[in-house]
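Here is a friendly tour of one model, with its surface, its helix packing and its charged pairs in turn. Please have the sequence and the coordinates open as you read.

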Amino acid sequence: MWIPIQLNENSAEPLYHQIESQLRSLIISGQIEEGTLLPSIREFASGLNCSVITVRRVYQDLESEGLLRTKQGTGTFVAKVGTSQREVFRREAVEEALSHAVDVGMSVKCEEDELKELFLSILKQKYRPEKEEGEA
């Protein structure tokens with residue numbers, strides 16, 4: 001199974017964290033469904049051009065979060081993610097991203113009102129791009 005993970009080797013974010021956060025998002029969003037057999041640690045590491053240790057850590061972390069389950073001799077599968085758990089993960093992911101965006105804004109001396117204005121502008125662009133063209 002091919003898993004759409006994009007790695008940025010120039011990022012300050014460690015590879016395992018990039019893999020873990022993207023795989024978590026794919027599971028939580030339902031893009032990788034419950035019961036799906038994931039590639040073996042070796043296969044996944046080879047496909048991502050990273051170490052087996054990195055992928056093992058990702059699988060272990062996500063298993064401890066309850067997103068993956070490993071059956072000895074069979075492989076690693078996506079665990080059942082309940083609706084309430086999915087909502088918690090979804091909310092945490094968005095909060096983390098927004099918090100990071102605010103930190104970046106603060107680091108370049110944006111004022112609170114400026115950040116709100118930028119946020120609302122981006123929301124409009126992302127959710128209603130066709131209206132932007134027709135508006136004056």
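In which helix do Arg90 and Glu87 both lie, and how many residues apart are they? Both belong to helix H4, three residues apart, or about one turn of the helix. The model is predicted, so local features need pLDDT of at least 70 and side-chain atom pairs count only at pLDDT 80 or more, while totals for chains, interfaces and linings use all residues. Residues are numbered from 1 along each chain as its sequence is written, and side-chain values use heavy atoms, leaving out hydrogens and water.

**Salt bridges**
- The structure holds six salt bridges (a side-chain nitrogen of Lys or Arg within 4 Å of a carboxyl oxygen of Asp or Glu).
- In helix H1, Glu20 and Arg24 are four residues apart, about one turn of the helix. Their closest N and O atoms are 2.8 Å apart in a salt bridge, and both residues are buried.
- Helix H5 holds Glu112 and Lys116, four residues apart, again about one turn. They form a salt bridge with closest N and O atoms 3.5 Å apart. Glu112 is exposed, at 56% relative accessible area, and Lys116 is partly exposed, at 45%.
- Shared partners link salt bridges of Glu20, Arg24 and Glu65 into one network.

**Helix packing**
- Helices here are DSSP runs (H or I, at least four residues), numbered from the N terminus.
- The axes of H1 (residues 15–28) and H4 come within 10 Å and cross at roughly 135° (lines fitted to C-alpha atoms over the stretch in contact, with angles from 0 to 180 degrees between N-to-C directions).
- That angle makes H1 oblique to H4 (under 35 degrees is roughly parallel, over 145 roughly antiparallel, 65 to 115 roughly perpendicular and the rest oblique).
- The crossing of H1 and H4 is left-handed (the near helix is turned anticlockwise from the far one by less than a right angle).

**Nonpolar surface**
- Val94, Leu98, Phe119, Leu120, Leu123 and Tyr127 make a nonpolar surface patch of about 580 Å² (residues with over 30% relative accessible area and no salt bridge, nonpolar side chains being joined within 5 Å; areas by the Shrake-Rupley method with a 1.4 Å probe).
- H4 (83–107) and H5 (112–127) each supply at least two of the patch residues, and H5 gives the most, with four.
- Val94 sits in H4 and, at 47% relative accessibility, counts as partly exposed.

Note on methods:
Patch = residues over 30% accessible without salt bridge, like charges linked within 9 Å, V, L, I, M, F, W, Y side chains within 5 Å. Buried < 20%, exposed > 50% of the residue type's maximum accessible area, 1.4 Å probe, protein only.
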